[in-house]
Amino acid sequence: MNSLHMKKLAVSTIAAVTLIAAAPAQSATVMSSFNVDITLTSLCSVSTPAPLTFAYTAFQVAAVNSTTPFVVTCVGGLPYTVTLTGANVTDTAVGLAYSLAVASTDPTPGVGTGAAQAYSINGTMAGGQAGTCSLASCNNAASTNSLKTITVTY
Amino acid sequence: MRNFQMKKLATAVIVVSALFSSIPTAQAVNITPSPTFNVTATLTAACTAGLIPDLAFGNYVAFGGALTKTSIFTVSCTKGLAAPTYAYDVNNGVVAGLNYTLTAPTQTVVLGTAATPGVGGTPDVYTVTIQGDIAGGQAGDSTAPTLDIRTLTVTY
């Protein structure tokens, strides 16, 4: 019985020594990756232009041109459109016909850049019109179609 | 080899599916509230007169009867403006040694049409008649000028 115990002890000792000798010294690096998820809600904004003004003398030969600027600011790369209501009308107060158009001097109109893009409303009133006015001079303060709306769709 | 191709196909299908699912839904959005602006117009009313044809008396027989002639022209005015008035520089004169008188112009009007969307209206158009009279029984002067230039002022 004693002899058996000794044998077992001897085996255990040898095994322990072997294990220690087999384990080399080393450092380990564990890597993991992850994504940064971003959800960008596209957005555009548009400024309000000043009134577009016409000064017209009945029967004048030359057309009258007028312009008023505004800016559109959209997320970079976002396509958009700019439209206008009442672009080709006759003023209900002074009876003068005119046309309006949206124009831009920006190199990439209709595509957002993240910065303000220059636009303008250009108006033209043809020459040779009589108009309607019972006084020497009239304005269109009572007009029912002078208010225009700019719509930016993106 | 067949296994590899199958694998590539499966991978491609998955990638394409992933791309489609990552494209946001196209949706038109308007900026609200949409900005507005006014178009303001100031109209200075006016009238414009056409050319006045000569008031040609034609042949007058010395010591003969009276002669009456007219000249007709048009004046167009801003619709709604009060009717224009007229004044000669003087109401009488002498031509070919004959005294003549001018009577105050008379006029009729065709009112203009209202403007329609995109098209301006038409003006009020006045048809104006000038009348000249040479009384009968005048001798005249065959050496005198046969032309007398007069001025008519249109006020509106």
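**Figure 1. Strands E6 and E7 of chain A pair side by side.** Strand E6 (residues 97-104) and strand E7 (residues 116-125) of chain A run antiparallel and are joined by six bridges. Two strands count as paired if DSSP finds at least two bridges between them. Strands (E, at least two residues) and helices (H or I, at least four) are DSSP runs, numbered from the N terminus. Ser104(A) has Tyr119(A) as its bridge partner in E7(A). This is a predicted model: local features need pLDDT of at least 70, side-chain atom pairs count only at pLDDT 80 or more, and totals for chains, interfaces and linings use all residues. Residues are numbered from 1 along each chain as its sequence is written, while chains are lettered from A and ligands numbered from 1 in the order in which they are written.

**Figure 2. The open sheet of chain A.** Five strands of chain A make an open sheet in the order E1-E3-E7-E6-E5, with antiparallel pairing. Strand E1 (44-46) and strand E5 (88-90) of chain A are its edges, and each pairs on one side only. Neighbouring strands of this sheet are turned by 25 degrees against each other on average, direction ignored. For such angles, axes are lines fitted to C-alpha atoms, for helices over the stretch in contact, and the range is 0 to 180 degrees between N-to-C directions.

**Figure 3. Strand E1 of chain B meets chain A.** Here 33 residues of chain B are in contact with 47 residues of chain A. Contact means that C-beta atoms, placed from the backbone, lie within 7 Å. Strand E1 (residues 36-44) of chain B gives nine residues, the largest share of the side of chain B that touches chain A. Which strands of chain A pair with E1(B)? E2(A) runs parallel to E1(B), with six bridges. Strand E8 (residues 137-139) of chain A runs antiparallel to E1(B), with three bridges. Strand E9 (residues 147-153) of chain A also pairs with E1(B) in the antiparallel sense, over three bridges. Thr57(A) stands opposite Thr44(B), Asn139(A) opposite Thr42(B), and Leu147(A) opposite Asn38(B). The bridge partner of Thr149(A) in E1(B) is Thr36(B).

Figure 4. The largest nonpolar core has 27 residues. Such a core is a set of buried Ala, Val, Leu, Ile, Met, Phe, Trp, Tyr and Cys residues joined through C-beta atoms within 7 Å. Leu96(A), Ala41(B), Leu43(B) and Ala45(B) have the most contacts inside this core. Leu96(A) touches residues of both chains, among them Tyr56(A), Met125(A), Ala41(B) and Leu43(B). A second, separate core of 10 residues includes Val46(A), Val72(A), Val82(A) and Tyr119(A).

**Figure 5. Thr85 in a loop of chain A.** Thr85(A) lies in the loop between strand E4 (81-84) and E5 of chain A. Leaving aside neighbours within four places in sequence, Thr85(A) is in contact with Lys148(A) and Thr149(A).

Figure 6. Over residues 1-19 of chain A, pLDDT stays under 50, and the model has zero contacts beyond four places in sequence for them. pLDDT is the predictor's confidence in each residue, from 0 to 100. Where pLDDT is low, the predicted coordinates should not be read in detail. Chain A averages a pLDDT of 88, and 84% of the residues score at least 70.

Technical notes: Contact = placed C-beta atoms within 7 Å. Buried ≥ 20, exposed ≤ 12 C-beta atoms within 10 Å, placed from the backbone.
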